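Please look over the sequence and the 3D structure shown here. A short report on them follows.

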Amino acid sequence: MKKIGLVGGISWVSTIDYYRFINEGINEKLGGLNFAECIIYSLNFDDFQRNNTANNWDVTFELITNACKNLEKSGAEAIVLCANTAHAVVERVEKEISLPIIHIATATANEINKKGLKKVGLLGTKFTMEMDFYKDKLAEHDIETIIPYLQDERDYIQKTLKEELGRGIINEQTKRAYIMVINKMIENGAEGIILGCTEIPMIISQDDISVPVFDTTKIHSAAAVNFALSLS
């Protein structure tokens, strides 16, 4: 089994889900008392959020690169960045380390292609929705991406991800608001919805949405399991 290095803490809430899903995935395939060999480097979420908000991506790059290098020194054989937004700097980080990084958008695109969808809605942090790194990766797999049209909607999602879900706070009013935004994207042609922030599955599931939902936390974790077992 290959050792997986997890860059977590962004946020700690979703990092717990990654740890659980990866261990459950390994055990499902191997049975018995087999579980994942993994190493977690947990960042300070405040450092990550503060620099992103200030558009200081150089510092974000340094934070993530340092975490990856420490995981590499500790014996990790591949890296999982446990947040969609962290992939904004993944191409720069890849140049600084010798380990493969299991890309969350690539794993998600593979699942979308399995269902034959060509146009999806993307819900995530303001950075994931508004920057090009995620949409460009999906476009490489012939997938068109749309995001919430209104700036107020994107700002609301960003605020609640930071102040509620990132702290483990569940609010039914927030859930209803997210569903309204998602339904607008479906009306605008989205054939599926990407839960493109690893905290969103805390309040949104397939049961809430009429089109296929892509839970990036579970998808990314499954890709890590496949790598660990040399299945991909």
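## Two domains

Which domains does the domain assignment give the chain? There is domain 1 (4-103 + 219-229) and there is domain 2 (105-215). Such bounds come from an automatic or database domain assignment.

This is a predicted model: local features need pLDDT of at least 70, side-chain atom pairs count only at pLDDT 80 or more, and totals for chains, interfaces and linings use all residues. Residues are numbered from 1 along each chain as its sequence is written, and side-chain values use heavy atoms, with hydrogens and water left out.

The C-alpha centres of domain 1 and domain 2 are 20 Å apart. Domain 1 brings 21 residues to the contact, and domain 2 brings 26 residues. Contact means heavy atoms within 4.5 Å. About 1800 Å² is buried between the two domains, and carbon and sulfur atoms give 59% of that area. Buried area is the accessible area (1.4 Å probe) that two parts lose on being put together, summed over both. Which residues of domain 1 lose the most area to domain 2? They are Asn-84, His-103 and Ile-219, which together make up 41% of what that side buries.

How many salt bridges cross the interface of domain 1 and domain 2? The rule finds zero. A salt bridge needs a side-chain nitrogen of Lys or Arg within 4 Å of a carboxyl oxygen of Asp or Glu. On the side of domain 1 that touches domain 2, the residues divide into 11 nonpolar, 10 polar and no charged. Here Ala, Val, Leu, Ile, Met, Phe, Trp, Tyr, Cys and Pro count as nonpolar, Asp, Glu, Lys and Arg as charged, and the others, Gly among them, as polar.

## Salt bridges

By this rule the count comes to 10 salt bridges. One of the pairs is Glu-37 with Lys-3, with closest N and O atoms 3.5 Å apart. This pair links distant parts of the chain, 34 residues apart. Glu-37 sits in the loop between H1 and strand S2 (38-42), and Lys-3 in the segment before strand S1 (4-8). Helices (H or I, at least four residues) and strands (E, at least two) are DSSP runs, numbered from the N terminus. Glu-37 counts as partly exposed because its relative accessibility is 37%. Buried means under 20% relative accessible area, exposed over 50%, and partly exposed in between (1.4 Å probe, protein chains only).

Asp-155 forms a salt bridge with Lys-126, with closest N and O atoms 3.5 Å apart. Asp-155 lies in helix H8 (residues 151-163) and Lys-126 in helix H6 (residues 126-130), so the pair ties together parts 29 residues apart in sequence. Glu-130 pairs with Arg-154, and here the closest N and O atoms are 2.8 Å apart. Glu-130 is in helix H6 and Arg-154 in helix H8, so this pair joins parts 24 residues apart in sequence. Is Arg-154 buried or exposed? Arg-154 is buried, because its relative accessible area is 11%. Glu-130 is partly exposed, at 30%. Elsewhere, Asp-17, Arg-20 and Glu-24 are linked in a network of salt bridges.

## A look at Phe-133

Phe-133 is found in helix H7 (residues 133-139). Why does Phe-133 count as buried? Phe-133 counts as buried because its relative accessibility is 15%. Leaving aside neighbours within four places in sequence, Phe-133 is in contact with Asn-84, Thr-85, His-87, Ala-88, Phe-127 and Thr-128. Tyr-149 is 16 residues from Phe-133 along the chain, and their C-alpha atoms are separated by 18 Å.
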